[in-house]
There are 2 protein chains.
Amino acid sequence: MLSEEQRARITVVLVRARNPNNIGAVARAMHGFGFADLRIVNDYSVGFEKAKSAVDASDILATAREFPTVADAVADCSLVVGTTAVGERKQEHSLYTLAQAATLLRSTVAHARVALLFGSEKTGLSNDAMSHCHWLMTIPMHPSPGLRHASMNLGQAAAVCLYELVRHEDPVATTESQPAAQAEDLERVTHLLAEMLTSIGYARRRPAAADPGAVRRMVRRLNLSQSDARRWIGILRQLLWKISE
Amino acid sequence: MLSEEQRARITVVLVRARNPNNIGAVARAMHGFGFADLRIVNDYSVGFEKAKSAVDASDILATAREFPTVADAVADCSLVVGTTAVGERKQEHSLYTLAQAATLLRSTVAHARVALLFGSEKTGLSNDAMSHCHWLMTIPMHPSPGLRHASMNLGQAAAVCLYELVRHEDPVATTESQPAAQAEDLERVTHLLAEMLTSIGYARRRPAAADPGAVRRMVRRLNLSQSDARRWIGILRQLLWKISE
C-alpha cells in the first residue's frame, strides 16, 4: 500500500519521447493511478509543447518539468530504474520483471525518491541513459513466433508499469452485487417451477429431471439475487395462472 | 499460468471503437501478451479499415473479425465480462476490480471461452452492450480531487487488463545479474582503500571513518560484482602508485 507521501516520491522521466499523444497518454496514466511528478528530457521540446496544448492535457503536464540531461532529471532520486524491451541490446544491468521490480520499488519509496525512466518510442533508452540506472525492468512479453519483437507504445508501457505499482491497493473494491436471495424465496421459486413442470407435462415425460430434489438443485445453481428471485416468483405465478385458465 | 490453449480461449471485443490508433494499440497489446482473437462490433467500419492499413498493424488485425451486434460477437463465449470506468453510470451488475476479475477469468478459461468487452473511447459500453455481460470489471483509479473522472485511453486500458491476466507467469524472469564478488576480492578492495585513506591523510583527520572495520563495512555495502571488484582493485592500485610517486 503506497501512501500519498510515497506516491509523491515516484518520478516518471521520459527521455527523448517525441510523440505528443504518447506524452499525453503517459500523463493520463499517471493521473489515473495517482502519480504527479513528470520530468521530460529532450533535445528539443516540440513534442512536449504539443502535448501540453492537447485537449486532454492534465494538471500533470502543466506541472511537468524539462531537464537538459538525464543526470539533471534524476539528480534528487536515490533509485533510478530503466525500462526496456528485453532483447533490445545486450544488458549490462540486472534485469527484473515488472512484478519483481514493483516489490523492490515499493520498499525503496518508503524512504527515498525513485525515478522510472522510459525511452523513446523507436529506440528505447540509449546506453548513456541506461548508465544512470541502478537496474532495469521489463514487462514480460509473450515469445512471438515472428521475427518482430513484441512491444507496446509508450502510453501503454507506462500504464502497465504504474498499474503494477498500485495494483495491490484495489481502492475501489466495491463489489456492488445484489443481496442474494434467501432460502425462503428460493423454495417458493422451486415449488412454483415444479408445479409448472407438472402443468406442462414435462414432469411426466422427464420424471428424473422434474424430481423435487433435481428442481431444487437447479434453482440453487441459478445464484439468484433477492430481487431476481422475487421477479421469478411473479413470472411463475402469472404463468401458472395463464396455464390453468 | 495460462496455457496456449487457454490464451486462445480469450476473446477481446471492441464495441464501437472508432479511433484507428486505439484499435491498433489494442492489437499490439494482444500480440505482446500472447492473445490473438480480436472481434470488432461497429456501426460502420471506417476505424477498423484504417487500423488494418496502419504501419504497425499486426497479424491480429489481419485476422480480426467484424460482427454486426454484440450478441453475434459473443455467441460462442461462456463468460462475457464488460470493462467500465466506475461512476460512469449506476451499475446493475456485479463489479470487480481487475485483480479480482483476473482470478475469476483464469478459472473460467480452463474450460470455456471468455469475452472481454471494451466500449468506445468517449462513452464506454452502452447499457445494451452491458446487458450481454455476466459481470463487470474496472481498473482501480486513484480518487481525483478534480471533477473530471480519471480514465485512460482504450489502448492503455486493454494493455493493463491483458497484463493482469498473464502477470503471474513472468516468463522472462532472467535476472542476469553479475556474479557477486567473493570475500577475498572484497578484502583486497578494503585493504587498498584503507591504505589510500591513510596516504591522503583522511585517516588522520577522520580516524573513526577510516577504522579498518568501518572501511570493511563500507565496502560490503557497495554490493560489488566480481568484475567490478576487480576493476576497483586495479583503480586503487594505480591510484596508490600515483600517490607514492
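Here are a few questions and answers on this predicted model.

Q: Where in chain A is confidence lowest?
A: Overall, chain A averages a pLDDT of 82, and 84% of its residues score at least 70. Strand E1 (residues 10-15) of chain A sits at the top end, with a mean of 96. At the other end, with a mean of 66, the element where confidence is lowest is helix H3 (residues 46-52) of chain A.

Q: Which strands stand at the edges of the open sheet in chain A?
A: The sheet has seven strands with parallel pairing, in the order E3-E2-E1-E6-E4-E7-E5. An edge strand has a single partner strand, so one side of it is left without a neighbour in the sheet.

Q: How many bridges join E1(A) to strand E2 (residues 37-41) of chain A?
A: The two strands run parallel, and Val15(A) stands opposite Val41(A) in E2(A). Helix H2 (residues 20-33) of chain A lies across both strands, at about 170° to E1(A). As for the bridges joining E1(A) to E2(A), the count is five.

Q: Is H6(A) parallel or oblique to H8(A)?
A: Helix H6 (residues 98-108) and helix H8 (residues 154-166) of chain A pack with their axes 9 Å apart, at an angle of about 55°. Because roughly parallel needs an angle under 35 degrees, that angle makes H6(A) to H8(A) oblique.

Q: How many charged residues does the contact of H6(A) with H8(A) have?
A: On the H6(A) side, the residues include Leu98(A) and Arg106(A), and on the H8(A) side Cys161(A) and Glu164(A) are among them. By class, the contact has six nonpolar residues and no polar ones. The charged count is two.

Notes
Residues numbered from 1 in each chain as written. Chains lettered and ligands numbered in written order. Predicted model: local features only at pLDDT ≥ 70, side-chain atom pairs only at ≥ 80, totals over all residues. pLDDT = per-residue confidence, 0-100. Helix = DSSP H or I, 4+ residues; strand = E, 2+ residues; numbered from the N terminus. Axes fitted to C-alpha atoms, helices over the stretch in contact; angles between N-to-C directions. Parallel < 35°, antiparallel > 145°, perpendicular 65-115°, else oblique. Contact = placed C-beta atoms within 7 Å. Nonpolar A, V, L, I, M, F, W, Y, C, P; charged D, E, K, R; others polar. Pairing = 2+ DSSP bridges.
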